[in-house]
Amino acid sequence: MSICPKNKSSKARRDSRRANWKMSAPNLVKCSKCGALMMPHRVCKACGSYNKKEIVKVED
């Protein structure tokens, strides 16, 4: 058996509950090697390094 609501929730109450469900801006940090903005704990797209070590070769 599922839970049965005691009273009907209005559309305004229902929609105000859903108003705070939105996307947030991605958190960006500076690359320790080249200084470009990148997402944390990921390989830098500009220089291909992670934790000051070259992981991927990037062609210019």
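Residues are numbered from 1 along each chain as its sequence is written, and side-chain values use heavy atoms, without hydrogens or water. Because the model is predicted, local features need pLDDT of at least 70 and side-chain atom pairs count only at pLDDT 80 or more, while totals for chains, interfaces and linings use all residues.

Helices (H or I, at least four residues) and strands (E, at least two) are DSSP runs, numbered from the N terminus. Lysine 6 lies in the segment before α1, a helix that covers 11–17. Cysteine 4 is also found in the segment before α1. Two C-alpha distances start from these residues. Cysteine 4 is 57 Å from lysine 33, at a sequence separation of 29 residues.

The table gives relative accessible areas, where buried means under 20%, exposed over 50%, and partly exposed in between (1.4 Å probe, protein chains only).

| Residue | Relative accessible area | Class |
|---|---|---|
| Lysine 6 | 82% | exposed |
| Cysteine 4 | 70% | exposed |
| Tyrosine 50 | 35% | partly exposed |
| Cysteine 31 | 7% | buried |
| Serine 49 | 2% | buried |

Strand β3 spans residues 49–50 and includes tyrosine 50. Serine 49 lies in strand β3 too. Leaving aside residues up to four places away in sequence, serine 49 touches Cys31, Lys33, Val43, Cys44, Glu54 and Ile55; contact means heavy atoms within 4.5 Å.

Tyr50 belongs to a nonpolar surface patch with Val43, Ile55, Val56 and Val58, and together they have about 390 Å² of accessible area. Patches are made of residues with over 30% relative accessible area and no salt bridge, with like charges joined within 9 Å and nonpolar side chains (Val, Leu, Ile, Met, Phe, Trp, Tyr) within 5 Å. A salt bridge is a side-chain nitrogen of Lys or Arg within 4 Å of a carboxyl oxygen of Asp or Glu. Accessible areas come from the Shrake-Rupley method with a 1.4 Å probe; for residues, only the protein chains shown count as cover.

A disulfide is a covalent bond between the sulfur atoms of two cysteines. A search of the whole structure finds zero disulfides, counted as pairs of cysteine sulfur atoms within 2.5 Å. For cysteine 31, the closest cysteine sulfur is that of cysteine 34, and the two sulfurs are 3.7 Å apart, so they are too far for a bond.
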